[in-house]
Structure formats: structure tokens, C-alpha cells
Amino acid sequence: MSEKLFDQDFFTKLNSLAIAMNTRMTHGIGGGRKSNAKGTSVEFSDYREYIPGDDIRRIDWGAYGRLDKLYIKRFMEEKEGIFQIFIDTSNSMNYGEPKKARTALQLAGALAYLVLNNLDRVYISEMQENTLTQGKGRAGKQAFSQIMRELEAMEFNGGTNLNQAIQARQYQGSGISIVISDFLDENGVEEAVKYLRYKKQQVILIQVLARQEVEIEGDGMVNLLDMETGEEVRLSLNRAAIEQYKRALTALQERLRTLARRYELTYIQMLADEPLEKFLYDHVCNQGIIIHK
Amino acid sequence: MTVSNWWPLALLVLIPVIILLYMLKQKAKEYPFSSSMLWREIYNNIEATKPWEKLKKNLLMILQIVTVLLLIFALMAPYLKRGGRRFDNVILVIDTSASMGIRYNEDRTRLEEAIERACDYVDTLSETAQVTILTSDQEAGIVKSNVTDKSDLRKALREIQGTDLKGDAGTAVSVVQSMANQWEQYEAVFLTDTPVELGSLEAQVINLYTDYQNLSMDYIGYGTEYDEAGNPSLTVIGKITNGTASDVVTDVNLYGDDTLLMVQSVQVPAASSQFFYFQQVDFNGNVLMAEINNKDDLEADNRAYAARKGQGQERVLLVTNDNMFLEKAIVNVSWVDLYKTNQLSAVGKDEEFDLYIFDGMVPDTLPEEGNIIYMNPPPGNGITVSGSITSVNLEFLETEITRYVSGFHFGVSAAREFERPVWADNFISSGSGCVGYFGIDGQRRVAVLGFDLHDSDLALQAEFPILVSNLMDYMMVSGMVSEDYYETGDKIVFNGNLNGSDIRIQNPEGIATTLAAAVETSAYTDTGRAGIYSVSQTVNEVENTEHFVVRFPVEQESHQNGEKTEENETVGEDDKNLSGGRDLRNLIIILILIALAVEWFVYVRQH
């Protein structure tokens, strides 16, 4: 994407947002969030008896003096949050005015910015066909410019297979996985969701659709050309057909909503021409993902 | 069923054109879309999978094809034949005789009913049926001949007017017969109220006779009576006939020139006639009318008229010793009663005449009134002889009384020349002087001829009776109508003054007709209406108007017998099935409109 995805005004708005996490980090280097792991932070947790191999620097020598037994001091270790942002870079994302791809990249950028701003770590991955191109984990505000360059360099081509692409991701611990896609994938996304939940991920599905996909315009016989597969569907684009399409789209969204309820996911719809900051305020904040500082 | 045109079948070529247009129209546009996933999901629903769904998909095209087919069918003018027969030649005979004015029902007369039925019948005929409309009263008249335009036919039918004429279908039957002879098949329909003797003619007779109640005023007449003081008064006599089965009492109103003069109650026994009298009627006008006050089913025969005669025959006294030529020529003038004498002393004694002709003699004292013609007069009584001539050729000059003879030359052996008075015009010239003159001397018309007929060859010429007729016309303003009463349909010859203007006749409806004054062409035939007619002519700037009566044919038309039904006839209400079949075009046009409405509905639904 060669266009300028973000401007200064947008960054200013993003600075007033933070990401709230409702799960604790168990892996990764120290960060700004509470973790289930006991570690080296200043917040005391409890004691346990020393066993060989423990770091002798953690022995509570005062307790040894009083009780004549070696105890290890345990502290609540603070960990950084791990965010995975999966961007569907199939060709179907090139559809619409503005293109869904642009909106998806802006959204990913905004979320990444918020993550970095909150001293968390973010991985941005591209999903194309059944492969996953995993980006490097980035942390620290200074990493954002790098992320921006990566986002802008993303190419949208080929088809989609969200299940296989997402399952290609290896996880070390829990975290938040955000999948940005139009979810126009015949195989669905259930397998991927199961995998993510198994990997202790809090999953957020953001479905980006172009307005032209929701409000169909056109008349007469059309040769519907699938942008991903090149497949043609010849049909009469009349009112009845449009009505049926809308019902099919609603059914797809309902399936995703059901999936969200079943696996405790967050499912958000977004229109490509929707103002991004408004979307972030209205939808993501309300879903408890982002809170106002 | 049959059709009138086959050429619209050529328009079937439009069907493939429509299909082709749809195929071209259905060439799909490229429509790039993010994913065909959802479309493929619904593909089975939206695409044709079942035969009726295929139809649904192309419903608009099918509707258009159906519309075009219906249109072609309509243009072919399909026609449902009656009983498997179809008539290309149809003759409608409408009886317009007086009895057709009898009320058929509360709303219509028989004639109106006949016209309505004829209109309905015309509507059921095929588009190509050639229709001839005849009227039949005592003659047959052609209203329309071989017309296919139904609106034209309907208009013509509605313009048919009833008459007060006697009915005689015989002429119409022979006209229809002669027309039918030229066709292989035809349909002739008589709409009448009397039986029709068809002879060998095949025709349908729709008899519209229905029972009716009618009183008729058959006629009135009058006589003049004088009382002891010598004052005249009129006695009016009239006759009423009661055609109903019960006694009727009715008031009879007597009008004189549209003013009610007297009223009398008259009782008329059932199915019989009754005379009535009005006595001592003080009326000095022109037209008497008696009217029945009761309303009945035939209005036209409720009035009768009598015209008071202003002038009758003109009386001419010929005073001569012997002039056979002149006598014969005068007798030929029909409106003249000729009296003859050779005694000058008889003139002006007992009787008065309209015209005196003195042949070769002049009385000492002229009668007080009456016009005069002097033939070869000796001097005296204002006649000044200027000289005598012999063996001379005389010429009629162009004047009022030498019409058709001016410029004619004739020879005389002896003649007198006159000094022409200032009031007179010269009409016979000897070349050097005036041998004959005419003019109005005060109140009297005078003509003078200065030779003895026996001394000339004029009496042997064809111009002589013409001259005499001209002289009679000039000398007397004659009566134009010779009869007091006529019957409807009569031909009337008026005795117009040849020197007068054209004759103007006004019928009871106020319609004026003009006839040339020449005797032979003055036959007036437009006497289809009963009532009072007036005839007028201007002679010498004096307008002479007379009235005459045309009577309603009461005997033939007012009181019919109800025995009508013959084998091929249907009477009145029984017949409602006069039909030439059924033209399907209107039905098809309605179907086309429905198809278009459905097409519009489908189009709106689909888009």
C-alpha cells in the first residue's frame, strides 16, 4: 500500500486510548500487565520452601534466621501483553470504495499503535491462501514506524484459507489474537477459532466489509467475477436476487455471531467507509477491548 | 370462427425479433465482486432450476410475445360466426312509416326500438361486412350503400327520421331482391311493425308490433254560414276514431291560427268513430286545428287541420263575337274559369269577373273592378289610335309578358298603331309604332293588342298559347294550390305565376323548400309530414301566401290489427336474438391491455 495510511491527527486521537486486557500474560518478557507467573517484580505474592536449583538470590534470609529453614520469596511478576494481529491479505480485500484492504491496514495500524503505547508486544501477520507470513514481534513506541512501513508494504493477492493460515501460528503462551478479514471464506473460521482458544488466546474477529457488499447495486444479467478465484457466476441481478444475497450475508454474519457466543469470542462488524476513530471509540471500547485513559 | 385479414400473420416475424432483442439484452455485464461465495450459495435459488422458474425468469419476454400475438390476432379481425354463417352483405330495412311512431314501450317508439336493434346488430357484424341501410314507407330510400364503417352506419341509423307516410314494404322488398340477386349470400333484415310479403326473398323480419292504445283525429272540415244580419260564422265538423277496446271521453280543442277558440268533450265508443261539431265559430284567419287532449301511444294523429281558402279559380269573361283561337288558348290555362258572351250590355250587370277580354269591341262603361285586355279595340275609353297599317311584320319586344316569345315575328294583314299611355310598356312593335302595350292604369291592369287574330298567323304559332298564358299570369294573381286537402306522400303541383318569383313552400316542421315557378317543375313531393303547409310566391312585388293541409293516413296507419305473426317473423318482445355473430376484436384489445398491465406489474416487481 503506497498511500499514506495515517496522519498526525489520527495519532493524536489514538494516544487517548489504551488497551485493556482481561486475561493475564503468562509468557514474554516483563511488561506493564499482571501475569499469572511468579517472578521478579516488586509485588510480594507468597513463600515456598527452597528446592535445589532455585535462584539463591530469592532466599528470604530473614526467615531462615527466625525459622532455620530456607524459604524462597515469591513475587507477582509483571509481564507485557502479547497481541497477534492477523490481516487477511487476500485479493477480495481489494474490493470496495474505499478498499477493504486500506481500512484493514488502518485498523491494524491503529490497534498496533495502541498496543505499543501500552508497553505491550504486537505481532502482525499476513494471511494469504493457506500461508501465514508472520511479522516480528514489536514493542515500544519506536517500533511503530517499522510497523507502519510493514503495513504499507503489504500486498493483497490470492485467495483465503483462514483456518490453515491461522493454525500455522505457533504460540508460546496466552494473549490476544485479532483477526481482521471479510471472512468470505468458504471453509469458515471455526477451526482457526478452536485452535486459538486452545492456545489460550482471547480472540477478536473484526469483519471488514465494503458498503458495496452490503448495499448491492446493479441491474440485469451480470457475469459475477470472483476477484480471488476468477470464477464466474452468471445471474440476473434483479431485486429478488439481491434480496437473497442480503439474506445469505446476514446468515454468514449470524454464523460468526453464533461462533462468538460458543467460543467466547468478540465479533465486530465494520464497514470500510466507516470513520476509523469512530469505530474504535464506538465499537472496540464498548466491547471492552480498549478503554479510555 | 373466421378472420377477415390474413396479412397480419406477416407480423409474426416480430416474435423472433423480440427473442433476439432479449438475447442481446441479456448479454451479461462483467461484474467484479470480492467473492462469489455468497452468490454461489444462493445461485440455486435465483437461477432457473424448474420449468416454471425458467418461465418466471423470462416472464417479461413471454408477456411481450403474448401481447404481439394478441395484437396480430386483433389485426386479423377474428369473428365468431352465428350458426356457422357469416354474411359479407347485409341489408337493413327500417320501416319509417307513420305507424312506427307508435310507442313501443315507455321509453321508445317502434322506430327508435328498430334503430336501437339495428345499431346492436351492426355492432355484432364482422369488420368486413358491407351493410346497406334502406328506409321503407310508401317508397324505399337508400340511406347507406355497402358501407363497412360501423360508426358511419350507427350515425346514419340514428339520423333516420320517422314519417307520417303510409307503409308499403313492397318497394323495399323489390329493391332488396334486386340487390340480393348480385350476391351469393346475404342477410336481409326488415325491422317493421307490419307483415312483409317477402315472396321469394329470403329475409329476416323483425316485427315490432305491440298492442297500443290510440285515438285518432281523422279530419276536420268547415263551412261558412251567415246569420240574419249577414254576418258569417264557421261550422267545423270533425271525426275521431277510437282504436281502443273501451269507450273514451276526450276533450277536443279547436284552435284558429294557434289561438284556442273552443273546447268540446266528445265521447267515442270502443273501436268506432264519432263525429263532432263546433258551431258558430268566429274565425277569420287562415288555419283551423282540432286536437285531441288525451295522451295516447301515437301522437302524430291527434291533430287535424283545415286551411281556409283565400283564392279559388279565376273568372274570365271573354266578350267576343267569335274567336275560337283565343278561347282555346285561355281554356288551356288550368286555373281559369272562362265565361263567354257576345253582349257588351251583359258586362258589369250581374256578375263580376277577375278579367274581361274585349275582342274587337269596347263597352261604353267599363266594369268597376277587374282587369281588361283589349283585342283590336276601336278608339275610345282612353285608347288612342295613331294610325293603321297593313301587311306588316310585327315583333314581340322583350318585356314582362313576352317571356319565352320575345323577338318572335309574325305577320298581320291589318293592324292599328297606338299612342302609348305613360303608364304602359310597348310589347308589340311594328317597327314604326306601338301595336300592343300593357301596364297598370290606376288599380287596373290593362293590355291592348292592335290587331284581329283572324288577320294574323299568330294564332297558328306555338308562341300564341305562351303569350296568352303570360297574359293570364300578368292579369291575375292566381291560386297556387288546387286542392284543399292532400294525404301524406301526395305529389302536389302548384299553379305558380310564371312571371312571379320562385315558389316557397314551408312544411309543418318549418323547413322551407323553393321550387321554380315553371309549371312543369313545380311538383312538390316532400309531403311526408302531416300538418299545415304554406306556399307563397311574390308576383309583381306582392306576396301571395296560401295554406294547404296534408292529412295523416289515419286509415292505414293509426289503427292496425295485431295479427302479425308469420312463419318467418317474430313479434315484438319475443325476439332479442338479432345478431350477426360476434366480433372478437374488442375482446382481444381488452386482453392486450391486461397483458400490458401484467407486464408493467412484473417489471415493477422485478426492479
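Predicted model: local features only at pLDDT ≥ 70, side-chain atom pairs only at ≥ 80, totals over all residues.
Helices and strands here are DSSP runs, numbered from the N terminus.

Let's start with chain A. What is the peptide bond from E97(A) to P98(A), cis or trans? It is cis, with omega near 0°. P98(A) sits in the loop between β5 (82-88) and α3 (100-117) of chain A.

Next, D68(A). Its phi is near 65°. That is a positive value, and D68(A) is not a glycine. Where is D68(A)? In the loop between α2 (61-67) and β4 (71-79) of chain A. D68(A) is exposed, because its relative accessible area is 56% and the cut-off for exposed is over 50%.

A271(B) lies in the loop between β12 (259-268) and β13 (273-281) of chain B. A271(B) is exposed too, with a relative accessible area of 64%.

As background, most residues other than glycine have a negative phi, and most peptide bonds are trans.

Back to chain A for a strand. β6(A) covers residues 121-128. How many of its eight residues are buried? Six, so the strand is largely enclosed by the rest of the structure. β6(A) runs parallel to β5(A), and seven bridges join them. One pairing to find on screen: I82(A) has R121(A) of β6(A) as its bridge partner.

Now the sheets of chain B. In general, strands of a sheet pair through backbone hydrogen bonds, either parallel or antiparallel.

Take the four-stranded sheet. It is open, and its order is β12-β11-β14-β15 (chain B). The pairing is antiparallel. Which strands stand at the edges? β12 and β15 (303-307) of chain B. Each has a single partner strand, so one side of each is left without a neighbour in the sheet. From one strand to the next, the twist averages 20°. Look at β11 (residues 248-256) and β14 (residues 287-292) of chain B. They run antiparallel and are joined by five bridges. There, G256(B) stands opposite L288(B) of β14(B).

The other sheet has five strands. It is also open, in the order β25-β31-β30-β27-β28 (chain B). Here the pairing is mixed. At the edges are β25 (485-487) and β28 (512-515) of chain B. Each of these has just a single partner strand, so one side of each lacks a neighbour in the sheet. The twist averages 30° from one strand to the next. β27 (residues 503-506) of chain B pairs with β28(B) in the antiparallel sense, over four bridges. Within that pair, R504(B) has T514(B) of β28(B) as its bridge partner.

Last, a helix pair in chain B. Helix α8 covers residues 324-331, and helix α9 covers residues 463-475. Their axes come within 9 Å and cross at roughly 60°. That makes α8(B) oblique to α9(B). The crossing is right-handed. Which residues make the contact? From α8(B), they are F325(B), L326(B), A329(B) and I330(B). From α9(B), they are F464(B), P465(B), V468(B) and M472(B). By class, that gives eight nonpolar residues, no polar and no charged ones.

Technical notes: Residues numbered from 1 in each chain as written. Chains lettered and ligands numbered in written order. Heavy atoms only, no water. Pairing = 2+ DSSP bridges. Helix = DSSP H or I, 4+ residues; strand = E, 2+ residues; numbered from the N terminus. Axes fitted to C-alpha atoms, helices over the stretch in contact; angles between N-to-C directions. Parallel < 35°, antiparallel > 145°, perpendicular 65-115°, else oblique. Left-handed = near helix turned anticlockwise from the far one by under 90°. Contact = heavy atoms within 4.5 Å. Nonpolar A, V, L, I, M, F, W, Y, C, P; charged D, E, K, R; others polar. Buried < 20%, exposed > 50% of the residue type's maximum accessible area, 1.4 Å probe, protein only.
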